[in-house]
Amino acid sequence: IILLGISIASVFIFWFGLKAALGTEYPLLAVSSGSMRPTLQVGDLIMVQGLNFSQVNAAPASSPVPGDIIVFRGEVLGKPGDLIVHRAVRWEVIDDKAYIRTKGDANSGEDAGRVTATDLIGKVVGRVPWLGYVALFFQPMETKLIIVALIIVYIFVAFFWEDITKFIRSLYKKPQPQPHDFVERCLNAKG
């Protein structure tokens, strides 16, 4: 149980340290769609760094210096609750307000929405192929519930292991005949 507590504490320290170091609420994300192929693949784990809105480099993927791959809130594209990972392809100014236009590298056209400073989460600064599949596996609520249930069972079993093994042994323990029982049975059989 102590080891479990240390493990959980280590994960929290790592996560909050990463959030502070990269300056974003979402420092690690899993790519869940193919819209950024071939640059990012489904199942890639991406590292996201926070940045100031005005620092975003916007240019098409085909440019000599491609635009930043940014992460922004899905409300921009009518997908509330989702985080979108697309390339910043150009700046747009409407009524003295700046917006970023985005596009998935695998998509044929620009996204319909415009990214504002409040929508921006950060830019992609690194990726680890395949590792994002672990995070994607844990996304459905059913999987999370199963994992929580298994952890609870593990803690219960670890805490009560000695009592459980004693109980199981008592179920399979046969009473051993005592020597005086044999003598009594023999005498009763004759009589």
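Tutor: Gladly! Let us start with accessibility: buried means under 20% relative accessible area, exposed means over 50%, and partly exposed lies in between, using a 1.4 Å probe and protein chains only. Keep in mind that this is a predicted model, where local features need pLDDT of at least 70, side-chain atom pairs count only at pLDDT 80 or more, and totals for chains, interfaces and linings use all residues. Residues are numbered from 1 along each chain as its sequence is written, and side-chain values use heavy atoms, with hydrogens and water left out.

Student: Why does Phe12 count as partly exposed?

Tutor: Phe12 has 48% relative accessibility, so it counts as partly exposed. Phe16, at 47%, is partly exposed too.

Student: How many aromatic pairs are there by the rule?

Tutor: Rings of Phe, Tyr and Trp (its six-membered ring) pair if their centres lie within 6.5 Å; planes under 30 degrees apart count as stacked, over 60 as edge-to-face and the rest as tilted. By this rule the count comes to 5 aromatic pairs.

Student: What makes the pair of Phe12 and Phe16 stacked?

Tutor: The ring centres of Phe12 and Phe16 are 6.2 Å apart and their planes stand at 15°, so the pair is stacked. Both sit in helix 1 (residues 2–22), 4 residues apart, which means about one helical turn separates them. Helices (H or I, at least four residues) and strands (E, at least two) are DSSP runs, numbered from the N terminus.

Student: Why is the pair of Phe53 and Trp91 called edge-to-face?

Tutor: Look at the angle: there are 85° between the planes of Phe53 and Trp91, with 5.1 Å centre to centre. Phe53 lies in the loop between strand 2 (45–49) and strand 3 (69–73) and Trp91 in strand 4 (residues 83–94), so the pair ties together parts 38 residues apart in sequence.

Student: Are Phe53 and Trp91 buried or partly exposed?

Tutor: Phe53 has a relative accessible area of 13%, so it is buried. Trp91, at 34%, counts as partly exposed. Elsewhere, ring pairs link Phe156, Phe159 and Phe160 into a cluster.

Student: What is the order of the strands in the open sheet?

Tutor: Two strands pair if DSSP finds at least two bridges between them. The open sheet has 6 strands in the order 1-2-6-3-4-5, with antiparallel pairing. Strand 1 (28–30) and strand 5 (97–103) each have a single partner strand, so they stand at the edges, with one side of each left without a neighbour in the sheet.

Student: How do you know that strand 4 and strand 5 pair?

Tutor: Strand 4 and strand 5 share 7 bridges, in the antiparallel sense. Along strand 5, Arg101 stands opposite Arg90.

Student: Which residues line the second largest pocket?

Tutor: On a 1 Å grid over the protein atoms alone, a pocket is an open set of points where a 1.4 Å probe fits, with protein on both sides within 12 Å along at least five of seven lines; lining residues have an atom within 4 Å of a point. Leu4, Ser7, Ile8, Val11, Ile151 and Tyr154 line the second largest pocket. Helix 1 gives the largest share of that lining, 4 residues.

Student: Which residues lie nearest the centre of the largest pocket?

Tutor: Leu28, Leu29, Ala30, Ala135 and Gln139 lie nearest its centre, among 25 lining residues. Strand 4 supplies the largest share of the lining of the largest pocket, 4 residues.
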